[in-house]
Amino acid sequence: MNWEKSDRLKALPPYLFVEIDKAKREAIAAGRDVINLGVGDPDRPTFEFIVEAMRKVVGDPANHCYPFDEGVPQFRRAAAEFMLKRYSVELDPTAEIITSIGSKDAIAHLPLAVVNPGEVVLIPRPGYPVYNSASVFAGAEPHYLNLTAEGDWLPDINAIDEAIVQKAKMIYVNYPNNPTAAGADLAWYEKLIAWAKANEIIVAADAAYNEVYFETPPPSILQVAGAKDVAVEFHSLSKTFNMNGWRIGWVAGNADVIAALAAVKGNVDSGQFNAVQWAGVAALEGSEREEILQQRKLYQDRRDVLCAGLTKLGYEVSPPAATFYVWCRCPDEVDSMTFARRCLAEADVVFIPGIGFGPTGEGYFRAALTVEVERIEEVVERLGKLSW
Ligand SMILES: Cc1ncc(COP(=O)(O)O)c(C=O)c1O
């Protein structure tokens, strides 16, 4: 058969994590002792109290039918209660929250629900690649907002060309940020919401890392008065509860945007397995358990070991306040791809080159804190043997 991939698929840059993963697998297959600080996949298992909750519900035939497209009411209620307790944000669980299949599902489907071909989606770079692919799939015109260290890795919304602002339908933002680990405070969110309202732009805020923090808990954009007029926020159970393989999250905020997203999802998936949503209820109800607090401490210890080690070796790095990523400058004059390639080839250490997140990621690499402290010490030792 003579056929070609769709133009929209051809328009995507290669999905970087897949490429890095391939190189890593080849190294492992060759018998090398690879330390993977690449893909941000929590390394610890799902907490036992959640697995136990799943065991109790998985055999119940009531959970074996098609789920509701928008999610079981109990999960949405648990999410609403979590938002109230954690952020003092009041949400109607029937209209202002839907269950998503991980936050990626919602992030990826939202443009199909709210953006027409030719309309602009504002996309931060460096950033999570799905904002771009989702926009391209929807036929939208991506407009990239370059984040820089000087700008605290926040988009300069006032610098966006007026003609672009006029055509813009939506903006993605992500704090705590992947890959830079930067944060946004409520004052910045207030400015963003005021700007979005003035320009009638939907704000799609990705809060996947909001619960992975070390000191001050990051805010929700929905804490801004009137944010629900223009914003939705994506939440994930993946990183908070090590439920990355279970695929569960929720979207909260503007009821019309959520209804539109539910309509898209009703046509492409049939919701998440009810039993997973019930396990999600147990997770959210247990969000202040000791295990969760301990996990923050675990990432903090790993962060401290890596940042201290890198600093000692002369790298320029500042310890992140949230996320399990360390965003570090490459040695002078070394581009990020060369750095990542050499680290894999000569030290068997996987990092993600900053360029993979967009041009302004050049000169940086991202390390995920998803291996034990001893292995991080080993990473530092191996890096110490490389000369640049
Ligand atoms: C910034 C960001 N948003 C969203 C996601 C998606 O996570 P999930 O679909 O597991 O909730 C990821 C995953 O790595 C991420 O880094």
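1. Let's start with the ligand. The residues in the shell around it split into 9 polar, 3 nonpolar and 2 charged. The shell has 14 residues, with Gly102, Ser103, Lys104, Ser236 and Ser238 the closest; to be near the ligand, a residue needs its C-beta atom, placed from the backbone, within 6 Å of it.

2. A word on the source: this is a predicted model, where local features need pLDDT of at least 70, side-chain atom pairs count only at pLDDT 80 or more, and totals for chains, interfaces and linings use all residues. Residue numbers run from 1 along each chain as its sequence is written.

3. Which helix gives the largest share of the shell around the ligand? That's H5, with 4 residues. Helices (H or I, at least four residues) and strands (E, at least two) are DSSP runs, numbered from the N terminus.

4. Buried here means 20 or more other C-beta atoms within 10 Å of the residue's own, with 12 or fewer for exposed and partly exposed in between; C-beta atoms are placed from the backbone.

5. Now the sheet. It is open and mixed, with 7 strands in the order S2-S8-S7-S6-S5-S3-S4; strands pair if DSSP finds at least two bridges between them. S2 (97-100) and S4 (141-146) are the edge strands, and each has a single partner strand, so one side of each lacks a neighbour in the sheet. On average, neighbouring strands are turned by 20° against each other, direction ignored.

6. Pro124 sits opposite Leu145 in S4.

7. Helix H9 (residues 255-268) lies across S2, S6 (202-206), S7 (231-236) and S8 (249-253), at about 145° to S8. Axes are lines fitted to C-alpha atoms, for helices over the stretch in contact, and angles run from 0 to 180 degrees between N-to-C directions. Contact means C-beta atoms, placed from the backbone, within 7 Å.

8. As for the whole protein, there are 13 helices and 12 strands. Buried residues make up 48% of its 388 residues, and the C-alpha trace spans about 55 × 55 × 55 Å along its principal axes.

Note on methods:
Contact = placed C-beta atoms within 7 Å. Nonpolar A, V, L, I, M, F, W, Y, C, P; charged D, E, K, R; others polar.
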